Protein chains: 2
Amino acid sequence: MRATVMYGAGDVRVENVPDARLAEPTDAVVRVVAGCICGSDLWPYGSMEATGQGRRMGHEFLGVVEELGSEVRGLRQGDLVVAPFVWADNTCDFCREGLQTSCRHGGLWGNDLDGGQGEAVRVPQAQGTLVRLPVGADSALLASLLTLSDVFSTGHHCAVTAGVSPRTSVTVIGDGAVGLSAVLAARRLGAEQIILMGRHKDRTDLGREFGATDVVAERGEAGVERVRELTGGDGTHTVLECVGLRPAIETALGVVRAGGAVSRVGAPQYTEVPMDFDAFFRNVTLTGGVAPARAYIEELLPDVLDGKIDPGRVFDRVVGLDDTPAGYRAMADREALKVLIRP
Amino acid sequence: MRATVMYGAGDVRVENVPDARLAEPTDAVVRVVAGCICGSDLWPYGSMEATGQGRRMGHEFLGVVEELGSEVRGLRQGDLVVAPFVWADNTCDFCREGLQTSCRHGGLWGNDLDGGQGEAVRVPQAQGTLVRLPVGADSALLASLLTLSDVFSTGHHCAVTAGVSPRTSVTVIGDGAVGLSAVLAARRLGAEQIILMGRHKDRTDLGREFGATDVVAERGEAGVERVRELTGGDGTHTVLECVGLRPAIETALGVVRAGGAVSRVGAPQYTEVPMDFDAFFRNVTLTGGVAPARAYIEELLPDVLDGKIDPGRVFDRVVGLDDTPAGYRAMADREALKVLIRP
């Protein structure tokens, strides 16, 4: 079968790889109907050291169940399913607490496993991992359903862990697909003031449609000041940090109200956070982390099926599998916000 | 009147200062019955640059109301009252949210104001700040009531913000008075496994009486390993960091369970926290901060009055006001855990 392999910074190829097949009785094989490229794929795309072996790519996908291991219950051949970006048994203590990203028998796609940017995927712990979608593979909702795999679930995790509610004001840092998803998630949770910090007008325009009430294009100290102006000097109760770079976390700490929370879902490209005496004296909480998408899919699914939310609008380009390398380039060059792949 | 003034590292004096007197109609003057020395007083005691002007000391006290400004309601001359370590109007939006440390009209004792290590204190925003105690100035409970001013309320804040409950395991880092208070607070909130990290046997013995189920004397990596052994490899759901030094926060991040929370109440003597990719992937929350003692006094008071808890046991030495400098030395040399001052 064909699948996407990264060999180093800027070097993404679509090649022949061994066919996905059952290895354990708890596995399934899913034929991918839609996958996509994640903002986090751009970190290795920007900096990965060249390797002869390559790395299988893609951790967001939905598709049709093609084969099922003998121990998998609750799924049938032909079911349309979505996979969260971390696979999990969904029965261990961490899973029962809603932290499937720390599942005792789970893991990440790619590397030794198939990735979602390919024709098919062997899915470990299929019964716990996969969620059946009550639509056909030709549904008009596929793009929005695909976002449950990662990007919208991640925005939702950010809003939930920050404590967004109708009583909290919100700043969202970052106008990438995760930031826009966080805006939509905050609006869905009832937030009335949502300040989006971003400087790409086409993206912040979508952010406004998703629910942003204010857009702040300034960065750094000027951005912090502008958010403070918009909030009577106090900052917002919750801050959703959707970038992952040190300046973003610094801005987050600058715009959070005393007693408030910064949640971060951008994979951190830093190792230290300035949680200094000021943050301490203001009782600022730093929370968030990698999103247990699996914990949220059933909760978010009805709103997508009912058309109440349309998170799939973050996809502004669709490519075939062979054009995946061009998709990476387009996202890296900021020509595309998020690229959907139809193998 | 006499009061304690710090002139530099190791240089604490008790001297004549202007008498405490009403300056605003919202003030009260309180004659101090009991004050004490805080672990945080030891930071300047260890490192303060010499100054000719000096700095008034003490932010924990209880005493008798001597004079009341014309706008103060709800208090009478002769009332025994306890003051939280940050004064506050208790009516602004932050106060109503229980964050009196961020009160819009509040502040810290000392500096331009009287401190609690003296004969009397002018109390700004007296109506909001002071809490009446339904006992006499000769009560046997004074030491425990005094801990509501800061040290026990701080331990309680640490436990509350970390989310301690009967369902959470707990690690407390630090066997100082705040750490021991955090043990007692965690037990009061129903925690069943409480691991106390500390190496001073007399202190950890008191910790066991307060509710610690395990004591870990090892530090650093060895300490982290020991806590992990005690928790099946996972670490604890909540970690109460009661030291304020960088190694303590590193240990905290090492012993917290995935999805868990580290709360810090030790005034941070660091500016950066290693909330790196590991903490991100494990969804670790960093919370806590300076404790809004005022928010907790009414809630904790009945348990002290009923004798259910006896947080005053952290005081292991009592001095007269003139012996306050010796009290500082004793705490700095770890000869005393916490020193109570009877002016």
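How many residue pairs are in polar contact across the interface of chain B and chain A? The rule finds 20, with both residues of each pair at pLDDT 80 or more. The model shown in these views is predicted.

**View 1. The interface of chain B and chain A.** Chain B brings 39 residues to the contact, and chain A brings 39 residues. The area buried between the two chains is about 3,100 Å². Carbon and sulfur atoms give 52% of that area. On the side of chain B, the residues that lose the most area to chain A are B:Phe280, B:Phe281 and B:Asn283. Together they make up 21% of what that side buries.

**View 2. Salt bridges across the interface.** Between chain B and chain A the rule finds eight salt bridges. One of them pairs B:Glu272 with A:Arg246. The closest N and O atoms of this pair are 2.8 Å apart.

**View 3. The side of chain B that touches chain A.** Two helices of chain B, H2 (93–96) and H10 (277–281), each supply at least two residues to this side. So do strands E15 (256–264) and E16 (285–288). By residue class, the side divides into 18 nonpolar, 11 polar and 10 charged.

**View 4. An annotated domain in chain A.** An unreviewed UniProt entry carries the annotation "domain: Alcohol dehydrogenase-like C-terminal" for residues 177–301 of chain A. Over these residues the chain is 46% helix and 21% strand. The end C-alpha atoms of the stretch are 19 Å apart.

Technical notes
Residues numbered from 1 in each chain as written. Chains lettered and ligands numbered in written order. Predicted model: local features only at pLDDT ≥ 70, side-chain atom pairs only at ≥ 80, totals over all residues. Heavy atoms only, no water. UniProt positions renumbered as here; feature names shortened; annotations may be inferred. Helix = DSSP H or I, 4+ residues; strand = E, 2+ residues; numbered from the N terminus. Contact = heavy atoms within 4.5 Å. Buried area = accessible area lost by both parts, 1.4 Å probe. Salt bridge = Lys/Arg side-chain N within 4 Å of Asp/Glu carboxyl O. Polar contact = N/O pair within 3.5 Å; in protein donor to acceptor, adjacent residues only side chain to side chain. Nonpolar A, V, L, I, M, F, W, Y, C, P; charged D, E, K, R; others polar.
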